[in-house]
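Welcome! Let's take a walk through this structure together, one stop at a time.

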Amino acid sequence: MEGKASLLDNMIGVGDMVLLEPLSEDSFLENLKKRFDHNEIYTYIGSVVISMNPYRSLPIYTPEKVEEYRNRNFYELSPHIYALADEAYRSLRDQDKDQCILITGESGAGKTEASKLVMSYVAAVCGKGQEVNKVKEQLLQSNPVLEAFGNAKTVRNDNSSRFGKYMDIEFDFKGDPLGGVISNYLLEKSRVVKQPRGERNFHVFYQLLSGASDETLKKLKLDRDVSKYNYLCLDSASVSGVDDAANFRTVRNAMQIVGFMEDEVQSVLQLVAAVLKLGNIEFKPESRSNGLDESRVKDKNDLKEMCELLGIEQSVLERAFSYRTVEAKSEKVSTTLNVAQAYYARDALAKNLYSRLFSWLVTRINGSIKAQAKTRHKVMGVLDIYGFEIFEDNSFEQFIINYCNEKLQQIFIELTLREEQEEYIREGIEWTNIEYFNNAVICDLMENNQNGILAMLDEECLRPGTVTDETFLDKLNTICAEHQHFESRLSKNSKFLTDHSLPHNCFRIQHYAGKVLYRVEGFVDKNNDLLYRDLSQAMYKANHNLIKQLFPEGSPAKINLKRPPTAGFQFKASVGTLMRNLQTKNPNYIRCIKPNDKKASHIFTESLVCHQVRYLGLMENVRVRRAGYAFRQAYEPCLERYKMLCKKTWPHWKGPARQGVEVLMADLKVPAEEYSYGRSKIFIRNPRTLFFLEERRRQCLQDLAALIQKIYRGWKCRRQFLLMKKSQVVVAAWYRRYAQEKKYKKIKRATTVMQSYARGWQARKLLRQLKHQKRCEEAATTIAAYWHGTQVRREYRKFFRANAGKKIYNFTVQRIIQKYFLNLRKNLPSMSPIDKSWPTRPYSFLDGVHTELRRIFHLWRCKKYRSQFTEEKKAVYEEKLEASKLFKDRKALYPSSVSQSFKGDYLEINKNPKYQKLHSAVDEKVLLADTISKINRANGKGTPRIFLLTKKSVVLADQKTGQVKASVPLLDLASVSVSKQSDGFFALKLKEGSASAVKGDFLLSSERLIEIITKLYRLSAANAERVPLSVDISDEFLVQFKTDKVCVKFIQGSPRNGNSASCKRKNNRLLEVSVPSTP
Ligand SMILES: Nc1ncnc2c1ncn2[C@@H]1O[C@H](COP(=O)(O)OP(=O)(O)O)[C@@H](O)[C@H]1O
Ligand SMILES: [Mg+2]
């Protein structure tokens, strides 16, 4: 035992029967029952797992459970099939040991389920990956296919395996599955044609009929009604809790996953259908001339359909059911078959067809799942073989099955004992022999080559002459009579003569698992397993690939006159191979027990279980295991578990574990005969000693728990305390800091106030001092300055007085003049020549300069003014100047003319079309053109006339018509007279004697008098040949009117006469012009 043996903890009953105390059958059963009642279906005997069938699903196969048991030591957790699977898988993977898992038990005890659980566990824990998963899936999915074809409902089990199965799963060095190989053992083919009451044929028939689609059924020429088929028993066509239709789909799916091609599946189904059809073929007798009956097929329809399905020629098969050809050497003898023989032939064909199909399926699956890689691999074999069977009516099949179980028991005994023995030797413990029942004798009875039952059966079958089951029994009676396990009524052993429980046609064998009564009927036939050659030849001829393969002996090329090996012989050989195979592997046992015969959960039938416990030899198993020593454990885990029982080893042992255990045992005063020291393990003889240790440990653990609790509580409280203390320190620190800070701030504030007062006072004091000091310094400076001044003045007075006055005077005058010029420059009047302003003179001594500067400035600005004149403007100004010379201060009208511009041509004579005629009349350039008034000489009234002035003459013209009234050459003009007043009257006086003087002088009036006369004057002045025209200005002048001289007198008129001057003829001599007084 390794690891923590917690198998010892919290167990219901005892988890390992080896520890049962006291060990008796009753206590054994008691323990099983107790555990079973608590749903603990697994119990150990050492490393063997006992599994009770719970007949209901328990929640102990979940993925969580898988994880729980994964990579844990076998005894670490409560007993479970997973622990065994894990142990096997790990020692396969890690220690490179091939494993086999041997599952035994009677029919319905849960072997097949157990094998599936082991496989699913291994699949769950081994490697993952796409390829690996595919392999796993194929391995797992091979089960439903084989179960459909090889399992059937029996009275003991609704899903009973009717074949033996051994599956090698192959792994690579990493423990990843590579593939597998399945071996099958002896299918119970008699079931195909006949089933005991309450049982069914193989599942596949029912699954096909209820699960296949109508179309498929039609193709297979089948009817969904089960009752139509002779081979399918009616009374239990359906099994409660089993959905055949759904299972059919599962099987189809599984076949696909495993790798069956669609046409292969179809062929398989055709064969299954053919078997059903075959069962429906019936025969009738037909009398022959020789008095013998010959069989004929009754209703040929089924035969026809079957032949169609398999592609067989109907007549060939039909003949094969009526005749039998026996070949001996080169002779061929054909005999007819009677009806019974025909039925026999039919059933033989059906059985063979089915069992060969089954074998083919296994081969086919192997083809799919076999490991691809040729590398060396490790193997885990799982054996799920039919369990020991005792029926009311036991025949050849039961004999064979039980033989197999005997062999398994044999190997179990051998291996367990051998292992036990090896361990003792390995550990150097003295081996004491123990008594147990060795079933080798029974095996010998059955398989001995000379006088074994199987050998004799073969001998009978091969013997020439009439051979019947009775002759076989007779033979047994003679040869085996003395064997202590063989019983027969007619044997030489007289003690059975009166045994009425033993019928005459039976023999009984005392198997290790109980007595079984075999009826000899059918032994010979079944052993011969005879199929008439005509039938196998007919099958070979079929136009159907699969059928052809299944009946190779029908090939004409392979005519073999030798008998095929008998069924018994074949089976013995294959069991022999299997046993040899198993012996090379490390065995792991699962021993299945069924708790009741009713397939019911929660029922524990003690007698039944007791029986199984007995024949499975479980008690012996325990005894062997306890032979000498009931319990063993490696030193390290043992010391680990019990070290607290001794002060020297607790809590730590420094030396080697073995010494520690020795000290421990000595300290506990365990009697020396109660244990032995192996090389790596301690062996304890009596479970009582172990329980003593356990009890002490339990008490000690309580104390230790209290101690741990105490220390833990102390630790926890202390931790809490320390935490609080630390917290308190932190809080206090923070508070103190806060308080100190507050206090400090207050003091600081107060200090600042005080400081500020003190500093203020100091500063003010200092300021006062500084101010005083400054005043003193200023006073001193002033005094010093004055004093200094006084001294300097006193010293320099003599130099200062001599020429100071002159210098000051000059300086002052210069300053004044300078100031005057600068001021004058600043206050110069404008550049307009008419601007009369001039700054006033500041000092009278500057009078001359001031006037002179004024004159110069005026001249300079006039010059400036003039220099910007154009020629025309200059002419205008010359004219204006002339006017000024003539009239300024002489005539009151003059000032009003100053602002007038002397335009000259006011009528625009050459532009206005009205005056075109007039213009053409005057050939010279018109210098002046205006409308004026011509004063009538008679009454003094004015008439408007156009007045034109050219270079040479003066022209008067009618204002409206433009007709020239008078034209006077300028040379004829003597003078011009005007008044001093503001009127516009003027008189043009002609030279006496001139041509123009004839009419007399002209008295005219114009507002532009100044311009007209100025122009006239300038014209005359321009002419160098004559004296300039004189202009007389006087308020009284004479005018020559034709002959008369008239005086024109200007008087100051009163305002009532209006604003304009008015002229009036007073008398011949006087023309009075009243001029309104100028305001
Ligand atoms: N571990 C188990 N948990 C639940 N039911 C079980 C278990 N083992 C067996 N059974 C039931 O018992 C029936 C028979 O088991 P099976 O393995 O076919 O028996 P065997 O192969 O030994 O004849 C199963 O169909 C199942 O209903
Ligand atoms: Mg089974």
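Keep in mind as we go that this is a predicted model. You will find K221 in the loop between α8 (214–219) and α9 (244–258). Its phi is near 55°, a positive value in a residue other than glycine. L186 sits in the loop between β7 (177–185) and α6 (190–193), and at 29% relative accessibility it counts as partly exposed.

Now for the peptide bonds. Most of them are trans, yet a cis bond joins E21 and P22, with omega about -5°. P22 belongs to the segment before α1 (25–37). Another cis bond joins W650 and P651, with omega about 0°, and P651 lies in the loop between α24 (635–642) and α25 (657–668).

Next, turn to ligand 1. Among the 15 residues around it, N53, G108, K111, T112 and N157 come nearest. The shell is made up of four nonpolar, seven polar and four charged residues. A polar side-chain atom of Y61 is 3.0 Å from a nitrogen atom of the ligand, while a polar backbone atom of K111 is 2.8 Å from an oxygen atom of ligand 1. The protein covers 85% of the 550 Å² of accessible area that ligand 1 has on its own.

How values were computed:
Residues numbered from 1 in each chain as written. Chains lettered and ligands numbered in written order. Predicted model: local features only at pLDDT ≥ 70, side-chain atom pairs only at ≥ 80, totals over all residues. Heavy atoms only, no water. Near = heavy atom within 4 Å. Polar contact = N/O pair within 3.5 Å; in protein donor to acceptor, adjacent residues only side chain to side chain. Areas by Shrake-Rupley, 256 points an atom, 1.4 Å probe, with all protein chains shown as cover. Nonpolar A, V, L, I, M, F, W, Y, C, P; charged D, E, K, R; others polar. Helix = DSSP H or I, 4+ residues; strand = E, 2+ residues; numbered from the N terminus. Buried < 20%, exposed > 50% of the residue type's maximum accessible area, 1.4 Å probe, protein only.
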